[in-house]
Amino acid sequence: MTFERDSADVDALRTDRYLDAILAAAERHAIDVPAAIEIDPALRRAALRLRRDLVRVHPSFRFEERLARRLAEAAAEVSATSTEPRGASAQVRADRRSAAVVREVDWDPAVDPAADLARQDRRPLIIRGAVASAALGIAGAAIVVARRRSRPLPPMARAARAVRRGSAARRFSRARRARLA
Amino acid sequence: MARAVFRRSGAPVEARVRRLDLDRPLVEAARSDPARFDAIYRKYVAQVYSFAFYELADHHTAEDVTEQTFLRALVALPRFHERAPRGASDSRGGTGSPDASTFRVWLFRIARNVVANERRRIRRHPVVPLEGALLSAATPDVEGTAIRHDEASAAWSVVGRLPDDRRRALVLRFVDEMSTSEIAAVLGRTEGAVRVLIHRALRSVAGELGPER
């Protein structure tokens, strides 16, 4: 089993090297192709046939120029949005850029390799800042309300509270002196 | 007896050797000035278009896919990060591991995603046969096309009948002339798996084409 798998891997590796060789030969316009006697002749024929028949297809000149113009327009929009004032964050600029350029294209974030990254980058920054500032605001408001709600004590009540605090302090110092003695 | 160990300190060899992405100057230029994206576009338009055409067998859909691919690439270019290969390297400028990414690999990943999206959309609609569409628009040499018509259409139809992953690997290998490691990075597989995939695909093609006439 392992032997069969290894031999398949070796065959695949030999075929891969042969394909490298014939592609490189075509690249340098060589007339002859490398002879690889260790490869099955049927495979060699198939590789050469595909090399000849699977041609690269070029789009029409009209389409190529139309898309070039479209990309130039999109590039101009990208440049315009990337030179916005510094007040706008990088994420906001990137969002505007994407929206401006891709609004006519059916943009599906599920198939955009960079979209996940963008989503990860965006959320925590915004939410964290908003939560922090909101928490500070709520705490400040609570303190102000508590102070306003607490009515001032009458003079007799304040005096009674002071006496209670004083007697507590005296009791503490008396006990301390007794311990030291 | 103690064995001599010839080991250098520091990072392993694979980590120290960094392969230069040949498109890096073009990518940097396009990043600093988006108007210079045109050079990248001109370099890869035929490759992306061919990939889309062999996948979808329709010129109009292939044009749509090409357009979407380049527009998305233009928008997402600031977020593209070249990742150096960590594994074995090859002589054709390939990348060594599936997570490595040159600009070309990144562009073809976008193209593959756009093709998948397009395929989902047109699943219910009939498509033009690959060989007919190829012959009608791909080859300007009418006389040569007539001579090789049978052979070429036979090869195209055999490739068109292959399972998706095998056909895709063959197209990337023969049409876009990618190395095995680049195909591995585009398809998200290991190099070994891609080698076996191509080997089996070739064997299928050889079996269907039969002996050369």
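I took helices (H or I, at least four residues) and strands (E, at least two) as DSSP runs, numbered from the N terminus.

This is a predicted model, where local features need pLDDT of at least 70, side-chain atom pairs count only at pLDDT 80 or more, and totals for chains, interfaces and linings use all residues. Residues are numbered from 1 along each chain as its sequence is written, and chains are lettered from A and ligands numbered from 1 in the order in which they are written.

Chain A next. I found six helices and zero strands there.

**Burial and contacts**

I looked up burial. A residue is buried if 20 or more other C-beta atoms lie within 10 Å of its own, exposed if 12 or fewer, and partly exposed in between, with C-beta atoms placed from the backbone. In chain B, 44% of the 213 residues count as buried. In chain A, buried residues make up 13% of 181.

Then contacts (C-beta atoms, placed from the backbone, within 7 Å). I kept those with a separation of 6 or more. Residues 24 or more positions apart account for 63% of them in chain B and for 41% in chain A.

**Core**

I searched for nonpolar cores, meaning sets of buried Ala, Val, Leu, Ile, Met, Phe, Trp, Tyr and Cys residues joined through C-beta atoms within 7 Å. The largest has 69 residues, and B:Ala52 is among those with the most contacts inside it. Helix α3 of chain B (residues 37-56) gives the most to this core, 12 residues. Beyond four places in sequence, B:Ala52 touches B:Ala62, B:Val65, B:Thr66, B:Ala111 and B:Val115.

**Interface**

I listed 52 residues from chain B and 46 from chain A in the contact. The chain B side divides into 31 nonpolar, eight polar and 13 charged. For these classes, Ala, Val, Leu, Ile, Met, Phe, Trp, Tyr, Cys and Pro count as nonpolar, Asp, Glu, Lys and Arg as charged, and the others, Gly among them, as polar.

**One helix pair**

I checked α8(B) and α10(B). Their axes come within 9 Å and cross at roughly 95 degrees. Axes are lines fitted to C-alpha atoms, for helices over the stretch in contact, and angles run from 0 to 180 degrees between N-to-C directions. The two helices are therefore roughly perpendicular (65 to 115 degrees). The contact has six nonpolar, one polar and four charged residues.

How values were computed. Two residues are in contact if their C-beta atoms, placed from the backbone, lie within 7 Å. Angles under 35 degrees count as roughly parallel, over 145 as roughly antiparallel, 65 to 115 as roughly perpendicular and the rest as oblique.
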